[in-house]
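Dear colleague,

Please find the sequence and structure below. My notes on them follow.

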Amino acid sequence: MAIDAATVRKVARLARIQEPEERLEPLAQELSGILQWIEQLNEVDTDGVEPMTSAVAVSLPMRDDVVTDGGDPSRVLANAPKSVSNFFVVPKVVE
Amino acid sequence: MASLTSLTLKGALDGLASGAFSAVELTQAHVEAVEAARPLNAFVLETPEKALEMARASDSRRARGEAGRLDGAPLGIKDLFCTEGVRSTACSKILGDFVPTYESTVSANLFRDGAVMLGKLNMDEFAMGSSNETSAFGAVVNPWRAAGSNQALTPGGSSGGSAAAVAADLCLGATATDTGGSIRQPAAFTGTVGIKPTYGRCSRWGVAAFASSLDQAGPIAKTVEDAAILLTSMAGHDPKDSTSLPVETPDFAAFVGKSVKGLRVGVPKEYRVDGMPPEIEQLWAKGVEWLRDAGCEIVEVSLPHTKYALPAYYIVAPAEASSNLARYDGMRYGLRADGANLTEVYENTRAAGFGDEVKRRILIGTYVLSAGYYDAYYLKAQKVRRRIADDFDRAWESCDALLTPTAPSAAFGLGERQADPIAMYLNDVFTVTTNLAGLPSMSVPAGLDAGGLPLGLQLIGKALDEGTLFSLAGAVERAAGFRAKAQRWW
């Protein structure tokens, strides 16, 4: 399926990536090329085929519901772009 | 001291055990080799002080009789692995100067066994690439050059730094990761050995996630035996990764050198692709002869859905990547750009932090997962993936392992294939199938092309049957007698 610049703008917005206006058309062409190549999958008959969800069949293990880690704000915040008294500082969210 | 760097890992471990040299001497030689090889751009961070400190600790452990399996062996660690107190960036600007406060399980396992870390190795950004050209630190240059040429070649990707460092004798082995071929294709391009084990053999904990259902760690090494020694240390069940398999890790080195007599090796006819150089076809035929001479039974098999593996991969991998990379929002770590409001901060951060190929894949992934398209793309791809896995299951009815080429070409020139994403993706045409099916697979150097560049053969095994791969790879290695090294120009 070919996608247009408006679709790229929408997808970039969903992905939270700022794309300048002049990049939208070239990206639309690139992504359309890749999607057209991907469309050969429609040749494969997948009627009644169970989608593969894990490479090796195992059941998800459960562990005891206990605290295994934590109580260490200095390590949690060690790489924060901005922090104050054991909190992450983020841009204002509510007006 | 220069000769200490030309040792294999096994040779170095034997030398350390016999007292022929110390871990400090061995490490110092490698530290100097790393410094001298900066034109290769294989390391994005050198940690010589840490390496020598670890080497001194190793020497004292050995003196107390407490040496581990890898004690004193200097290794390189791909920058995708988080290393405690040592900058880890996945070669992306978005992680900036991220310094983990924890150690990845795989690197922790290596250090538990006494390995020494020389530094962090270059790679494609977030492991997305087949030529190392998407790294925020610039491309790695392959130590190999074609005869009579000065053209800079790619070491392959994404584990290009790992492969180049091992090929140039900068380290005795390296960690790497493989989501679609990122261990095996660079190994083939540099004349080294690389194995992607069964999905779940190695813990993914502490490894920056690309496509979680495909990502798997493994070693790049100088020999099959070295790869076996390294994988034995790296693998093992880890409760911190819910997809880590609760199985015992065998001593893989015990399989190297075992007779392969009576093993049935399949040759899949679909791996003959248009435009493949005749030299690769000839090398493959030679590989078949070598294994037949070693007593294997050769059988023709069919994997009819092979050609659909790459397009299925380019739905599954970007979809999972778009989800995994949503965490890079500039709030808790890494780069944060300015913006007038929160959404703008996110958008500007991610625009400034991600490179073009990563953005391209996030956009594809976001598109195929967006409302109305999930069934047509992601679900369809997961069904095709099942078909590909079923192909292998049918093949195992008539054989124990498969032999194929690793990559459809030898190393190509840096810059040659950047313009066309699909041409770049085709590098992984022979490797990506086993990521989708979760199977172990391994590249072994088997010969040189007319230009003197290394070519690799790939062995594919049943789930958890790495042992058979190591036996077969050992047989190919012995028969090929591959001894060529890159001529030093750096």
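Helix H4(B) is largely enclosed by the rest of the structure, because 7 of its 8 residues are buried. A residue counts as buried if 20 or more other C-beta atoms lie within 10 Å of its own, as exposed if 12 or fewer do, and as partly exposed in between, with C-beta atoms placed from the backbone. Helices (H or I, at least four residues) and strands (E, at least two) are DSSP runs, numbered from the N terminus.

This is a predicted model, in which local features need pLDDT of at least 70, side-chain atom pairs count only at pLDDT 80 or more, and totals for chains, interfaces and linings use all residues. Residues are numbered from 1 along each chain as its sequence is written, while chains are lettered from A and ligands numbered from 1 in the order in which they are written.

The buried residues of H4(B) are Thr105(B), Val106(B), Ser107(B), Ala108(B), Asn109(B), Leu110(B) and Phe111(B). Their cover includes E2, E4, E6 and helix H7 (224-234) of chain B. That cover is judged by contact, meaning that the C-beta atoms of two residues, placed from the backbone, lie within 7 Å. After H4(B) comes Gly114(B), with a positive phi near 100°.

**Strands of chain B**

H4(B) (residues 105-112) also takes part in a right-handed β-α-β unit with E2(B) and E3(B). Right-handed here means that, with the strands pointing away from the viewer, the path from the first strand over the helix to the second runs clockwise. E2(B) (residues 74-78) and E3(B) (residues 116-121) run parallel and are joined by 5 bridges. Strands are taken to pair if DSSP finds at least two bridges between them. Opposite Ile77(B) in this pairing stands Lys120(B) of E3(B).

In E2(B), 5 of 5 residues are buried. Pro74(B), Gly76(B) and Lys78(B) point one way from the strand, and Leu75(B) and Ile77(B) point the other way.

E6(B) (residues 216-221) is likewise mostly covered, with 6 of its 6 residues buried. Two strands pair with E6(B), as follows.

- E4(B) (residues 173-178) runs antiparallel to E6(B), with 6 bridges between them; Ala176(B) has Gly218(B) as its bridge partner.
- E5(B) (residues 193-196) is also antiparallel to E6(B), over 2 bridges; Gly194(B) has Ile220(B) as its bridge partner.

Ala174(B) belongs to strand E4. Ala174(B) has 27 other C-beta atoms within 10 Å and is therefore buried. Between Ala174(B) and Pro74(B) there are 100 residues in sequence but 9.0 Å in space, C-alpha to C-alpha. Leaving out residues up to four places away in sequence, Ala174(B) touches several residues, among them Leu75(B), Leu121(B), Ala165(B) and Pro219(B).

Ala165(B) has contacts of its own beyond four places in sequence, including Ala42(B), Phe43(B), Leu170(B) and Ala174(B). Ala165(B) is also listed among the residues with the most contacts inside the largest nonpolar core, which has 174 residues. A nonpolar core is a set of buried Ala, Val, Leu, Ile, Met, Phe, Trp, Tyr and Cys residues joined through C-beta atoms within 7 Å.

**Backbone points to check**

Most residues other than glycine have a negative phi, and most peptide bonds are trans.

- The peptide bond from Gly157(B) to Ser158(B) is cis, with omega near 5°; Ser158(B) is in the loop between E3 and helix H5 (160-167).
- Asn132(B), found in the loop between E3 and H5, has a positive phi near 70°. Asn132(B) is buried, with 33 other C-beta atoms within 10 Å.
- Leu464(B), in the loop between strand E11 (454-461) and helix H15 (466-480), has a positive phi of about 65°. Leu464(B) is partly exposed, with 17 other C-beta atoms within 10 Å.

**Where the chains meet**

Contacts between the chains involve 54 residues of chain B and 39 residues of chain A. H12(B) gives the most to the chain B side, with 10 residues. That side divides into 29 nonpolar, 14 polar and 11 charged residues. Here Ala, Val, Leu, Ile, Met, Phe, Trp, Tyr, Cys and Pro count as nonpolar, Asp, Glu, Lys and Arg as charged, and the others, Gly among them, as polar.

Chain A averages a pLDDT of 92, and 98% of its residues score at least 70. pLDDT is the predictor's confidence in each residue, from 0 to 100.

Regards
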